[in-house]
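Hi everyone, thanks for having me. Today I'd like to talk about charged side chains and how they pair up.

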Amino acid sequence: MRDVIAIILAGGLSQRMGVRNKLLLPVNGVPMVRHMVQNYAAVATCVIVVTGHEAGEIEAALAGTNVVFVFNPGFAEGQQTSVVCGLRAAGADGLVLMGLADQPQLTADDLRALLDAHQVADPARISIPTADGRRGNPIVIPAELRERLLVDGKSPGCKAFTRAHPEYVQFHQMKAAGFYADVDTPEDYIAVVAAQ
């Protein structure tokens with residue numbers, strides 16, 4: 001297995017879902033966050049889960065797994081703060097597979113396909129899945145670029161960097177719907193359950 005560090009962002013407020021934390025809702029009989037960890041663990045040598053909102057509940061949902069938990073005290077300030085926490089926890093070596101905890105249609109085979117596409121293209125660039133002009137998640141970050149993502153103190157993380165520096169980015173046509181579908185609302189979740 002190649003040296004891949006998966007960083008799963010699981011610290012968001014889940015506001016559009018209403019009173020329930022979407023990451024704790026069941027998918028295939030387990031909490032959504034656990035379902036996602038299982039998929040990422042199939043392709044990664046290490047899985048880091050960045051927590052924030054309801055961190056204790058997320059950790060409880062992942063009891064018995066071999067994940068590394070990193071708490072983001074600034075989780076309410078937005079996703080980029082969790083990206084920074086995850087990157088700082090990842091160390092300096094290995095590929096980073098930076099993903100979301102609310103993409104339950106994404107499979108381990110989809111993740112393998114993205115990693116394979118990254119390796120056969122330019123492994124020194126950030127790889128982003130795309131389809132019909134849409135950018136998806138997760139993205140693949142080579143070790144050489146990790147520090148570059150943290151340099152901009154006002155706007156650290158992946159989004160601003162990849163848009164400001166297209167020379168460090170490569171896009172891969174990935175057809176699997178899971179790359180582009182996340183669960184934000186009760187209607188999104190109902191659609192996921194219906195597809196199981």
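So, how many salt bridges does the count come to? With a salt bridge taken as a side-chain nitrogen of Lys or Arg within 4 Å of a carboxyl oxygen of Asp or Glu, the count comes to 4. A quick word on the ground rules: this is a predicted model, where local features need pLDDT of at least 70, side-chain atom pairs count only at pLDDT 80 or more, and totals for chains, interfaces and linings use all residues. Residues are numbered from 1 along each chain as its sequence is written, and side-chain values use heavy atoms, with hydrogens and water left out.

Let's begin with Lys 22 and Asp 184, whose closest N and O atoms are 3.1 Å apart. Lys 22 sits in the loop between β1 (4-10) and β2 (26-27), and Asp 184 in the loop between β10 (169-173) and α6 (186-195), so this pair ties together parts 162 residues apart in sequence. Helices (H or I, at least four residues) and strands (E, at least two) are DSSP runs, numbered from the N terminus.

Is Lys 22 buried or exposed? Lys 22 is buried at 11% relative accessible area, and Asp 184 is buried at 15%. Buried means under 20% relative accessible area, exposed over 50%, and partly exposed in between (1.4 Å probe, protein chains only).

Next, Asp 109 and Arg 112 meet in a salt bridge at 2.7 Å, N to O. Both lie in helix α4 (residues 108-120), 3 residues apart, about one turn of the helix. Asp 109 is exposed at 54%, while Arg 112 is partly exposed at 33%.

Finally, Arg 125 pairs with Asp 122 at 3.5 Å between the closest N and O atoms. Shared partners also join Lys 22, Asp 102 and Asp 184 into one salt-bridge network.
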